[in-house]
Amino acid sequence: MSASDSSPGPDLATLLPGTLDCVHCGLCLSSCPTYLETGRETSSPRGRVYLMRGLAEGKIPLAGVLAEEAHLCLGCRACETACPSGVPYGALLEQTRAAVERAGLRPTWARRLERLALRGIVPRPRRLAALMTLLAFAQRLRLDRLARPFLPKRLRDAHALLPLVPPASQRRRLPAFTKAEGERRGKVVFFEGCIMPELFGGVNRATLRVLVQQGFDVLVPEAQGCCGALQAHSGDLETAHELARANLGALDPGDVQAIIVNSAGCGAALREMDHWLGDEASRVASRVRDVCEFLDEAGLRGALLPVPGRVAYDDPCHLVHAQGVSAAPRHLLQAIPELELVDHDDPSSCCGAAGTYNLTQPEMSQAVLARKLDSLEPVDPDMIATGNPGCLMQLRAGAEGRGMRAEILHPIELIARALPPSPPS
Ligand code: SF4
Ligand code: SF4
């Protein structure tokens with residue numbers, strides 16, 4: 001164990017009111033992936049809320065099972081959707097993980113590795129871009145595959161999840177301003193994210209193309225940065241708050257209609273930044289919209305071209321459970337001619353990606369992914385659509401591992417495929 005953090009931790013008594021909302025009904029149990037896997041009460045939402053209540057009351061120490069369960073939980077928030085009493089599970093978990101982190105209760109390697117990645121690389125665009133360039137180079141020369149057998153197991157697991165890094169020409173940031181095509185319907189800010197431009201630049205370009213074709217001027221503020229979601233999930237609330245504060249000024253919406261996000265994890269963090277920073281952040285937080293939610297509200301204009309194929313839509317947890325968005329992506333996909341939206345058994349359960357969970361808890365992550373693939377495999381879709389980078393990577397790796405033929409895409413990529421060609425500018 002590492003030494004504890006010297007900075008003041010969260011006041012654990014603040015956990016108490018939220019935990020008192022739990023009436024122990026158990027309605028959340030069947031929606032909890034870790035409970036379904038283990039059958040243990042302590043690995044269920046009700047059990048974890050009980051542990052947090054004990055911690056707040058000073059009856060259960062900040063150690064042992066409580067610390068383990070705080071990190072075995074996926075943070076998927078499916079229990080929040082299921083809970084009739086409104087237990088604010090996500091907020092309780094965030095505070096508990098921060099307390100565990102400050103007390104230095106996680107293994108040193110996990111803490112050091114996450115700090116290095118989540119403080120030193122992910123929120124620093126130049127370092128992240130340099131690392132991706134290096135990785136792209138290694139992948140092109142297949143050096144990564146040669147080195148793989150010599151890597152520690154956790155790095156081998158991480159390598160298995162990584163998609164092919166796109167060439168540098170596809171990793172460029174979007175222009176600061178792109179004018180609407182045709183009759184103008186409004187103006188929006190687009191939040192690019194940190195990982196998205198590097199690994200999913202195509203999704204960002206598709207988002208821009210759809211917004212512009214649908215008549216929206218798009219501003220992409222240069223000063224925007226990492227949203228802080230991954231840092232908060234790992235228990236590093238201090239860094240998460242710093243990053244959120246930096247985005248406050250950069251994303252100030254002024255006279256724009258919405259701040260558009262295409263990554264569910266980032267959208268949830270930005271939408272809830274007022275929970276971290278108070279009322280000063282509510283102006284930004286209240287304008288954040290998932291791209292599919294925004295387009296569904298605005299209504300797609302013009303005819304779409306056919307995109308033939310059977311598509312299974314899978315809900316990212318931080319879109320369906322944290323932002324309450326589930327119908328909008330389905331509506332948009334159903335509007336595409338010749339695209340058949342097919343159901344699968346388990347669309348709103350976690351895929352096991354959960355931020356950095358698939359790296360820090362690989363066994364449980366794989367077990368949760370296996371359940372998801374068991375639900376998708378019999379449907380045999382041509383495409384699987386999901387709106388979060390972690391889920392895209394996890395489902396791609398999982399589907400490939402099972403030999404499934406489905407292409408894994410963001411829903412906005414399918415909308416972009418259905419657009420008629422842009423007129424020459
Ligand atoms: S967040 Fe997900 S894994 Fe954690 S207790 Fe709730 S349902 Fe279970
Ligand atoms: S559903 Fe809500 S109130 Fe019921 S046991 Fe779960 S957390 Fe407690």
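**View 1. Parallel pairing of strand 8 and strand 9.** In this predicted model, strand 8 (residues 383-385) pairs with strand 9 in the parallel sense over three bridges. Across this pairing, Met383 of the structure stands opposite Glu407 in strand 9. Helix 23 (residues 389-401) lies across strand 8 and strand 9 and runs at about 175 degrees to strand 9.

View 2. The strands follow the order 7-6-8-9, and their pairing is parallel. Strand 7 (339-342) and strand 9 (407-409) stand at the edges; each has a single partner strand, so one side of each is left without a neighbour in the sheet. On average, neighbouring strands of this sheet are turned by 30 degrees against each other, direction ignored.

**View 3. Surroundings of ligand 1.** Ligand 1 is surrounded by 14 residues, of which Cys32, Pro45, Cys73, Cys76 and Cys79 are the closest. At least two residues of this shell come from each of helix 2 (33-38), helix 3 and helix 5. The shell comprises nine nonpolar, three polar and two charged residues.

**View 4. Surroundings of ligand 2.** Around ligand 2 there are 15 residues, the closest being Cys22, Cys25, Cys28, Arg46 and Cys83. Helix 3 (45-56) and helix 5 (78-82) are the elements that give two or more residues to this shell. Helix 3 gives the most, with three residues. By class, eleven residues of the shell are nonpolar, three polar and one charged.

**View 5. Helix 8 and the residue Arg142.** Helix 8 (residues 125-140) has 16 residues, which at 1.5 Å a residue should span 22 Å; the end C-alpha atoms are 22 Å apart, in agreement. Arg142, which follows helix 8, has a positive phi, near 60 degrees.

Key. Residues numbered from 1 in each chain as written. Chains lettered and ligands numbered in written order. Predicted model: local features only at pLDDT ≥ 70, side-chain atom pairs only at ≥ 80, totals over all residues. Near = placed C-beta within 6 Å. Helix = DSSP H or I, 4+ residues; strand = E, 2+ residues; numbered from the N terminus. Nonpolar A, V, L, I, M, F, W, Y, C, P; charged D, E, K, R; others polar. Expected span 1.5 Å × (residues − 1). Pairing = 2+ DSSP bridges. Axes fitted to C-alpha atoms, helices over the stretch in contact; angles between N-to-C directions. Contact = placed C-beta atoms within 7 Å.
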